[in-house]
Amino acid sequence: MKLKYFILFFCYSIALAVIFQKFILSFLPSLHAVNGLLPGDAQYFNEVAVKLANQIISNGWGAWKFYPAYGATGNTSLLAAFYAALGFDPAWMILINALLHAAGGILIVRISALIIPGNIGARAGIIAATFFVVFPSSLNWYGQIHKDGFSIFSTLLFLNVWLKSDDLNNTGWLFVFEFFAAVFLSVMVRPYHLYFVLIGFATMFLFEILCEAVKYVCHGGFACKRMTLKLLLIAGIALAIQVAPKGDQMGYTSWNGGFFAGNNLSETPWEWQPTSFIPSKLDKFMEIVAKTRAGMINNALQANASSMIDVDVRPNNFVDVILYLPRAAQIAMFAPFPSKWFEKNGALRYVAVAETLIWYLLAPGVFLLLSAGFNKKLIGLLIFSLSCMAVLGFTIANVGSLYRVRYVFLFVFIMAGVIGWQQFFDLHKNKMACVRLRESVRWIGAAVPFALMGLLVVAMGCAIYSGSLASIIACVVGFVSLGLVVWFDRRGMGVYGNSGQK
């Protein structure tokens with residue numbers, strides 16, 4: 001069943017990415033840079049990839065670099081390899097991005113099933129994964145050249161590994177491979193992403209140690225092997241941080257704290273004030289975090305960036321950083337706030353409002369789920385996501401940028417909200433209504449592959465119209481994959497072809 005959903009997610013991602021790149025953006029000149037790319041990061045990564053590909057063509061593959069330029073990492077070097085071997089077309093990344101995006105959706109299904117075993121967890125996971133795949137804002141990475149697809153998938157893989165570590169029978173070679181794959185993908189595109197994983201794992205570990213201590217006092221027994229394995233995962237992340245190439249993840253550490261220009265803030269330079277009662281390494285880490293926030297605010301204001309929030313808050317000591325974290329978590333979880341929804345017009349703003357509204361409607365489900373009983377796995381995941389979002393909300397004062405990088409962490413809460421509402425409606429269900437609903441869902445499920453086939457036909461038309469060979473190949477792969485699903489379903493075999501039951 002998971003394979004079927006993976007193929008459906010994969011084909012949807014291919015179709016939307018091609019339509020977005022080769023058709024939609026051509027009608028939005030204010031958002032179209034070149035070759036179906038948005039201005040900003042995607043345009044910059046494309047320029048770096050073209051330059052590196054030309055060097056490879058001229059000087060051989062010895063000119064290839066893993067981190068080719070400032071801010072450009074493994075995704076850009078991979079694209080450059082495609083350019084050098086296959087031709088200059090950003091659409092070569094569509095298959096890779098669609099694969100990661102669809103696999104991320106399947107990991108959400110798996111994580112939901114690990115949290116709540118049984119039909120409720122499975123159904124809720126499919127709903128949450130569908131939201132994850134179809135939210136239009138995700139086109140910013142799977143329909144473009146970006147790091148987020150790799151980073152998001154690695155985060156979900158880390159969470160899956162952490163949950164699987166609760167069952168020692170699940171910790172074979174596949175478990176080890178998934179952990180190292182997650183580390184590699186993080187190092188490939190964002191080495192500093194491992195810091196977020198380390199923070200999240202550390203907070204989850206402290207929570208689980210507390211739970212084990214309470215269990216030991218009340219009932220006796222301590223899960224020594226399981227907790228040792230989790231500690232080894234944390235040590236593995238810490239070791240990866242030490243040995244991974246540093247790249248430019250600490251770019252603002254060299255910022256001199258100079259004056260803010262072109263705004264009404266104080267002209268006093270930002271300067272960190274050390275705190276004597278905490279370890280120096282912790283104080284230095286907090287300085288880097290606070291300096292990153294101040295430097296990013298300075299750069300954003302100089303560039304007249306919109307959607308800034310709390311730009312006058314620039315903590316410069318340990319205590320002020322800690323005191324601002326609750327507000328940072330609030331911003332990361334719930335921005336853009338309703339009071340800002342209709343300040344500006346535009347397609348991107350309407351997409352953000354619609355997605356945020358869906359999250360607001362699902363948010364009560366989180367409390368319904370928490371009130372249904374103590375679930376250590378669920379609470380651990382929420383702690384992980386909340387701690388990571390608090391750090392993101394602190395360092396990033398631009399709601400637009402924050403909206404993109406918080407995606408995977410927010411979806412842990414969205415998944416929990418879906419599970420909570422699923423449990424609520426399951427407890428208060430009407431039998432006749434459930435029968436009709438199941439029948440409707442069955443018909444919708446049967447129609448989805450054919451709807452996706454129509455979407456792929458449209459995508460193929462856009463690919464042919466644009467003359468993009470890479471897009472045509474991506475669509476052909478989508479047609480073949482979807483055709484297999486339809487063929488197996490019509491034969492009543494299921495996607496694995498090993499069942500004669502319908």
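Select Lys230 and Glu208: their side chains meet in a salt bridge, 3.6 Å from N to O. Lys230 sits in helix H10 and Glu208 in helix H9 (residues 193–218), so this pair ties together parts that are 22 residues apart in sequence. Keep in mind that you are viewing a predicted model.

Are these two residues buried or exposed? Buried means under 20% relative accessible area. Lys230 has 0%, so Lys230 is buried. Glu208 has 3%, so Glu208 counts as buried too.

**Next stop: the network.** Side chains of opposite charge can pair when their charged atoms come close.

**Zoom in on Asp166 and Arg226.** Their side chains form a salt bridge, with 3.6 Å between N and O. Which parts does this pair tie together? Asp166 lies in the loop between H7 and H8, and Arg226 lies in helix H10 (residues 224–243), so the joined parts are 60 residues apart in sequence. Both Asp166 and Arg226 are buried.

**Now select Lys164 and Glu178.** Here is another salt bridge, and the closest N and O atoms are 3.2 Å apart. Lys164 belongs to helix H7 (residues 148–164) and Glu178 to helix H8 (residues 173–189), so the pair ties together parts 14 residues apart in sequence. Lys164 is buried, and Glu178 is buried as well.

How many salt bridges are there in the whole structure? A search finds 15.

Select Phe23, Ile24 and Phe27. These three make a nonpolar surface patch of about 290 Å². Click on Phe23, which is in helix H1 (residues 2–24). Its relative accessibility is 37%, so Phe23 counts as partly exposed. That label covers values between 20% and 50%.

**Last stop: helix H11.** Select residues 280–302, which make up this helix of 23 residues.

Definitions and conventions:
Residues are numbered from 1 along each chain as its sequence is written. This is a predicted model: local features need pLDDT of at least 70, side-chain atom pairs count only at pLDDT 80 or more; totals for chains, interfaces and linings use all residues. Side-chain values use heavy atoms; hydrogens and water are left out. A salt bridge is a side-chain nitrogen of Lys or Arg within 4 Å of a carboxyl oxygen of Asp or Glu. Helices (H or I, at least four residues) and strands (E, at least two) are DSSP runs, numbered from the N terminus. Buried means under 20% relative accessible area, exposed over 50%, partly exposed in between (1.4 Å probe, protein chains only). Patches are made of residues with over 30% relative accessible area and no salt bridge: like charges are joined within 9 Å, nonpolar side chains (Val, Leu, Ile, Met, Phe, Trp, Tyr) within 5 Å. Accessible areas come from the Shrake-Rupley method with a 1.4 Å probe; for residues, only the protein chains shown count as cover. The expected span of a helix is 1.5 Å times one less than its number of residues.
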